[in-house]
Amino acid sequence: MLTYLKEYNAKVPVNILVKSAFFKNIITKDKNILQKNKAIDIKLTARKHQVSIEALLNCLDYLDHFDFKLMDCNPSNMLSLLVTANFLGVSELEQAITRFVLSNLKANNIVQIVNIALQTNNHKLLDEAYM
């Protein structure tokens, strides 16, 4: 059984956070943070539907290494990771997870996949799910 965190405090280097379009938009407003290039304390909370702290941490780990093989992506968390990658604005990660989701399409998860595809504006996933 998985335990999902509701809040998590993390110290994340700025050079990792700016690789995400979401965090980059926030960080670039304060030039001092970028110039110092240090780790900053962030508080992660699971607010958006289907975005868990575990998925956020997994995506941040991807941004640190840029290696999808190191991620813990499996059929039970793939949709949460897809929504999180879309939310963070990391298109290459979103594409990699989309390929993983497409390889794990099953009749019992097709409705949920179509819902997520619509939510994330993922037309490739939507087209494949309908086929």
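## Cysteines, burial and surface

A search of the whole structure, which is a predicted model, finds zero disulfides. Cysteine 59 takes part in no disulfide, and the nearest cysteine sulfur, belonging to cysteine 73, lies 9.1 Å away. A disulfide requires a pair of cysteine sulfur atoms within 2.5 Å. The sulfur of cysteine 73 is therefore too far for a bond, because its closest cysteine sulfur, in cysteine 59, is 9.1 Å from it.

| Residue | Relative accessibility | Class |
|---|---|---|
| Cysteine 59 | 1% | buried |
| Cysteine 73 | 15% | buried |
| Asparagine 58 | 13% | buried |
| Phenylalanine 22 | 30% | partly exposed |

Buried residues have under 20% relative accessible area. Cysteine 59 therefore counts as buried, at 1%, and cysteine 73 likewise counts as buried, at 15%.

Asparagine 58 is located in helix H4, which comprises residues 53-65. Its relative accessible area is 13%, so asparagine 58 is buried. Leaving aside residues up to four places away in sequence, asparagine 58 touches Met71, Asp72, Asn77 and Leu81.

Phenylalanine 22 belongs to helix H2, formed by residues 21-27. With a relative accessibility of 30%, phenylalanine 22 counts as partly exposed.

Key:
Residues are numbered from 1 along each chain as its sequence is written. This is a predicted model: local features need pLDDT of at least 70, side-chain atom pairs count only at pLDDT 80 or more; totals for chains, interfaces and linings use all residues. Side-chain values use heavy atoms; hydrogens and water are left out. Buried means under 20% relative accessible area, exposed over 50%, partly exposed in between (1.4 Å probe, protein chains only). Helices (H or I, at least four residues) and strands (E, at least two) are DSSP runs, numbered from the N terminus. Contact means heavy atoms within 4.5 Å.
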